[in-house]
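Work through the exercises below with the sequence and the model open. Each task is followed by a solution in steps.

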Amino acid sequence: MATGNVKAGDVFNNWRVLNEDRRNRGVQHFMCKCVCGTTRVVRKDNLGHVQGCGCERKEYKVRTGEVKPRTKKAVRKRIKRIMVKNETKR
C-alpha cells in the first residue's frame, strides 16, 4: 500500500514509479512501468494493491489454454510448442 511520500524509483509489486503524473479530485496519479515494459498511469491508492498491468495473468491464461494468444508471434510460438509436444509422443 502506498502511504506517505511516493517518489520516482519506488517499487510496488510489479510497478516502478517513473514520476507523478497528475492530480484528479485530490487523488495523486503516477506514471508507472510494469516489469514487462508497459507504462500506465496508476492511482496512488492502487499502488501496492494492483500487481501490475495484467501481463502475468495473460501469460498464465495463454499457457493453460484459457484464452487464445492474440499476436501472430504468440500463435506461431504456441503451434511450435504443440508440434514439438506431438513429436515427442511418437
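**Exercise 1.** How many helices and how many strands are there in the protein?

*Solution.* The model is predicted: local features need pLDDT of at least 70 and side-chain atom pairs count only at pLDDT 80 or more, while totals for chains, interfaces and linings use all residues. Residues are numbered from 1 along each chain as its sequence is written, and side-chain values use heavy atoms, with hydrogens and water left out.
- Step 1. Take helices (H or I, at least four residues) and strands (E, at least two) as DSSP runs, numbered from the N terminus.
- Step 2. Count them: the protein has two helices and four strands.
- Step 3. Read along the sequence, their pattern is β-β-β-β-α-α.

**Exercise 2.** Find which residues make up the largest nonpolar core, and which element gives the most to this core.

*Solution.*
- Step 1. Buried means under 20% relative accessible area, exposed over 50%, and partly exposed in between (1.4 Å probe, protein chains only). Of the 90 residues of the protein, 22% count as buried.
- Step 2. A nonpolar core is a set of buried Ala, Val, Leu, Ile, Met, Phe, Trp, Tyr and Cys residues joined through side-chain atoms within 4.5 Å.
- Step 3. The largest such core has eleven residues: Val6, Phe12, Trp15, Val17, Phe30, Cys32, Cys34, Val42, Leu47, Cys53 and Cys55.
- Step 4. Two or more of these residues come from each of strand E2 (15-24) and strand E3 (27-34). E3 gives the most, with three residues.
- Step 5. Contact means heavy atoms within 4.5 Å. Beyond its neighbours within four places in sequence, Val17 is in contact with residues including Val6, Phe12, Phe30, Cys32 and Leu47.

**Exercise 3.** Describe how E3 and strand E4 (residues 39-43) pair.

*Solution.*
- Step 1. Two strands pair if DSSP finds at least two bridges between them. E3 and E4 have five bridges, in the antiparallel sense.
- Step 2. Opposite Cys32 stands Arg40 in E4.
- Step 3. Four residues lie between the strands of this hairpin, where Gly37 takes a positive phi near 110°.

**Exercise 4.** Is His29 buried or exposed?

*Solution.*
- Step 1. Locate His29 in strand E3.
- Step 2. His29 has a relative accessible area of 9%, so this residue is buried.
- Step 3. Leaving aside neighbours within four places in sequence, the contacts of His29 are Glu20, Asp21, Arg22, Asn24, Val41, Val42 and Arg43.
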